[in-house]
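The sequence and structure come first.

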Amino acid sequence: MNNTLLSTHYNPTTGEIIGAPVVKRYLVDLRGCFAGGAAYAVALARGNPLLYSVASVAPADGEGDLHYGLGVIYPGKIGDEYYMTKGHLHAWRPAGEFYFGLRGAGVMLLEDEATGASRLLPLTVNAVVYVPGHTAHRTMNTGAEPLVYLGVYPARAGHDYGVIAERNFRMCVVERDGLPVMIKR
Ligand code: F6R
Ligand code: MN
């Protein structure tokens, strides 16, 4: 057990946790995620902005232990699609996850791996979203300021990005009349 991580403070404004490792994802890392391939190519030709970062804390790795991540998705769009995360299933499929909205406004796209059934759920300040096991999840910032959220998941959950990289989500989320709408890819 890592005593230094049993108690930490997160910054809900910047999404920082002092001492926690951070993964940063840039536009180039999201190749294949956006439905609008042409808009993606145009945006990438202009630059390679930072889309989001995640600071992760893994205090202990035993069976039954929990980890958490503090995510920040910056505001922006590629065509009519919001900046989003890559999205994943948990490598250990039964692992569920709680998301807590801390700053800004966004949505989560959930997709049941077995049935493909999709849900679009708001992730706003003080919102709690539960991601059941066996469910692919992707988060989008639909607002004008950074979206900051906390995700809490079993230590053994892991990430499986392979399925999403291969076939993406069935649905995508676009802005229509200023609001996020889920449509078929
Ligand atoms: C952990 C989790 C979050 C995400 C984060 C970034 O299980 O769901 O901490 O890792 O929102 O998204 P991905 O991992 O899809 O790039
Ligand atoms: Mn997850």
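## Ligand site

A polar side-chain atom of histidine 159 is 3.3 Å from an oxygen atom of ligand 1. Such a polar contact is a pair of N or O atoms within 3.5 Å. Two further contacts are listed with it in the table.

| Residue | Atom in the residue | Distance to an oxygen atom of ligand 1 |
|---|---|---|
| Histidine 159 | polar side-chain atom | 3.3 Å |
| Histidine 137 | N or O atom in the side chain | 3.3 Å |
| Glycine 87 | polar backbone atom | 2.8 Å |

On its own, ligand 1 has 400 Å² of accessible area, and the protein covers 96% of it; areas come from the Shrake-Rupley method with a 1.4 Å probe.

The model is predicted: local features need pLDDT of at least 70 and side-chain atom pairs pLDDT 80 or more, while totals for chains, interfaces and linings use all residues. Residues are numbered from 1 along each chain as its sequence is written, chains are lettered from A and ligands numbered from 1 in the order written, and side-chain values use heavy atoms, without hydrogens and water.

The shell around ligand 1 has 14 residues, the closest being Tyr52, Gly87, Tyr99, Tyr149 and Tyr161; a shell residue has a heavy atom within 4 Å of the ligand. Strands E2 (50-57), E6 (97-103) and E11 (147-154) each supply at least two of the shell residues; strands are DSSP runs of at least two residues, numbered from the N terminus.

Ligand 1 sits in the largest pocket, with more than half of its atoms within 2 Å of the pocket's grid points. A pocket is an open set of points on a 1 Å grid over the protein atoms alone, where a 1.4 Å probe fits, with protein on both sides within 12 Å along at least five of seven lines; lining residues have an atom within 4 Å of a point. E3 (66-73) gives the most to this lining, with five residues.

Definitions and conventions: A polar contact is a pair of N or O atoms within 3.5 Å; within protein, one must be able to donate a hydrogen and the other to accept it, and residues adjacent in sequence count only if both atoms are side-chain atoms. Helices (H or I, at least four residues) and strands (E, at least two) are DSSP runs, numbered from the N terminus.
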